[in-house]
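Reader: I have a new model open on my screen. Can you walk me through it?

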Amino acid sequence: MLDIANNLALIQQRIARAAENAQRNPASITLLAVSKTKPIEMIEAAYAAGQRSFGENYLQDALPKIEALAELDIEWHYIGRIQSNKTRPIAEHFAWVHAIDSIKHAQRLNDQRPNGLPALNCCIQLNLSGEDSKGGIQPDALIETAAAFNELPHCRLRGLMTMPDPDSSAEQQQSVFHQLANCLDELKQQGFDVDTLSMGMSGDLELAIAEGSTMVRIGTDIFGARSYP
Ligand SMILES: *Cc1c(COP(=O)(O)O)cnc(C)c1O
């Protein structure tokens with residue numbers, strides 16, 4: 001049987017070891033538990049083990065879970081692809097959005113963020129060479145896209161996100177993480193107040209932490225394999 005508390009402890013150990021190898025403070029790395037496609041009971045089990053940040057990709061799947069668990073102190077992250085006609089429920093129900101790949105989507109999220117909620121934490125997804133290429137902006141559009149957030153009071157640009165092709169080599173994946181870290185540095189140099197590198201999944205969290213990840217998004221190694229991605 002799946003032991004979620006034990007899986008979480010093992011992931012925390014992997015994070016701690018990877019941080020130590022990179023001479024980084026493990027507390028600078030947040031574990032996001034990716035609960036997409038998984039039932040409420042598993043989220044409750046992870047919550048009981050102390051996990052507070054959860055990531056979801058599919059609104060239809062996520063919204064009933066968010067509603068059912070509304071009493072819990074959970075920070076919900078939308079990590080899926082964004083469709084223009086579905087920005088409203090994202091703006092209303094999530095604290096973070098990781099895969100912003102157009103200014104238009106950011107504007108819609110800003111306009112639809114309910115008054116009274118804190119600004120939506122946003123990461124721009126970059127499409128880097130060797131990347132999955134299913135989404136993300138090109139690096140040469142980064143500064144312009146980041147600057148657009150200056151006009152969006154209900155969104156707060158926190159940093160960058162990427163997802164290397166899982167079938168690429170470890171070297172290629174590490175190169176993608178390295179490129180993303182360089183892009184974050186460039187944003188900082190340009191004066192943007194950013195702090196988040198959302199990178200690293202079950203198979204590559206060590207490489208991502210070596211390159212400076214501040215948030216790893218872990219599904220399979222906490223909740224078991226999924227029948228769809
Ligand atoms: C599914 C997913 C994850 C988690 O992947 P695992 O390999 O199961 O850890 C992380 N990030 C995104 C964007 C995902 O879609």
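**Cysteines, ligand and a few loops**

Author: Let's start with a cysteine. Cysteine 183 counts as buried, at 10% relative accessibility. Keep in mind that this is a predicted model.

Reader: Which cysteine sulfur is closest to the sulfur of cysteine 183, and how far off is it?

Author: The closest one sits in cysteine 123. The two sulfurs are 13 Å apart, too far for a bond.

Reader: What about cysteine 155? Buried or exposed?

Author: Cysteine 155 is buried, with a relative accessible area of 6%. Its sulfur has the one of cysteine 122 as its closest cysteine sulfur, at 4.0 Å.

Reader: OK, switch to the ligand. Which residues come nearest?

Author: Lys36, Asn57, Ser202, Thr220 and Arg226 come nearest, out of 14 residues around the ligand.

Reader: What is the make-up of that shell by class?

Author: Seven residues are nonpolar, four are polar and three are charged.

Reader: How much of the ligand does the protein bury?

Author: The protein buries 90% of the 390 Å² that the ligand exposes when taken alone.

Reader: Next, serine 213. Where is it?

Author: Serine 213 is in the loop between helix 8 (205–210) and strand 8 (215–218). It is buried, at 0% relative accessibility.

Reader: What does the side chain of serine 213 reach?

Author: The backbone oxygen of methionine 199, at 2.7 Å.

Reader: And which residues does serine 213 touch, leaving out those up to four places away in sequence?

Author: Arg24, Ile29, Leu197, Met199 and Ala208.

Reader: Where do glutamine 23 and threonine 37 sit?

Author: Both are in loops. Glutamine 23 is between helix 1 and strand 1 (30–34). Threonine 37 is between strand 1 and helix 2 (40–48).

Reader: How accessible are glutamine 23 and threonine 37?

Author: Glutamine 23 is exposed, with a relative accessible area of 78%. Threonine 37 is partly exposed, at 23%.

Reader: Jump to the start of the chain. What does the side chain of aspartate 3 do?

Author: Aspartate 3 is in the segment before helix 1 (4–21). Its side chain reaches the backbone nitrogen of asparagine 6 at 3.1 Å. A polar atom of that side chain also lies 3.4 Å from the backbone nitrogen of alanine 5.

Reader: How accessible is aspartate 3?

Author: Partly exposed, with a relative accessible area of 41%.

Reader: Now glutamate 92. Which helix is it in?

Author: Glutamate 92 is in helix 4, residues 87–93. It counts as partly exposed, at 33% relative accessibility.

Reader: What is glutamate 92 in contact with, beyond its neighbours within four places in sequence?

Author: Gln112, Pro114 and Leu117.

Reader: Last one: leucine 126. Buried or exposed?

Author: Buried, with a relative accessible area of 0%. Leucine 126 is in the loop between strand 5 (120–125) and helix 6 (142–148).

Reader: How far is leucine 126 from glycine 159?

Author: Their C-alpha atoms are separated by 10 Å, and the two residues are 33 residues apart along the chain.

Notes:
Residues numbered from 1 in each chain as written. Predicted model: local features only at pLDDT ≥ 70, side-chain atom pairs only at ≥ 80, totals over all residues. Heavy atoms only, no water. Helix = DSSP H or I, 4+ residues; strand = E, 2+ residues; numbered from the N terminus. Buried < 20%, exposed > 50% of the residue type's maximum accessible area, 1.4 Å probe, protein only. Polar contact = N/O pair within 3.5 Å; in protein donor to acceptor, adjacent residues only side chain to side chain. Disulfide = S-S within 2.5 Å. Near = heavy atom within 4 Å. Areas by Shrake-Rupley, 256 points an atom, 1.4 Å probe, with all protein chains shown as cover. Nonpolar A, V, L, I, M, F, W, Y, C, P; charged D, E, K, R; others polar. Contact = heavy atoms within 4.5 Å.
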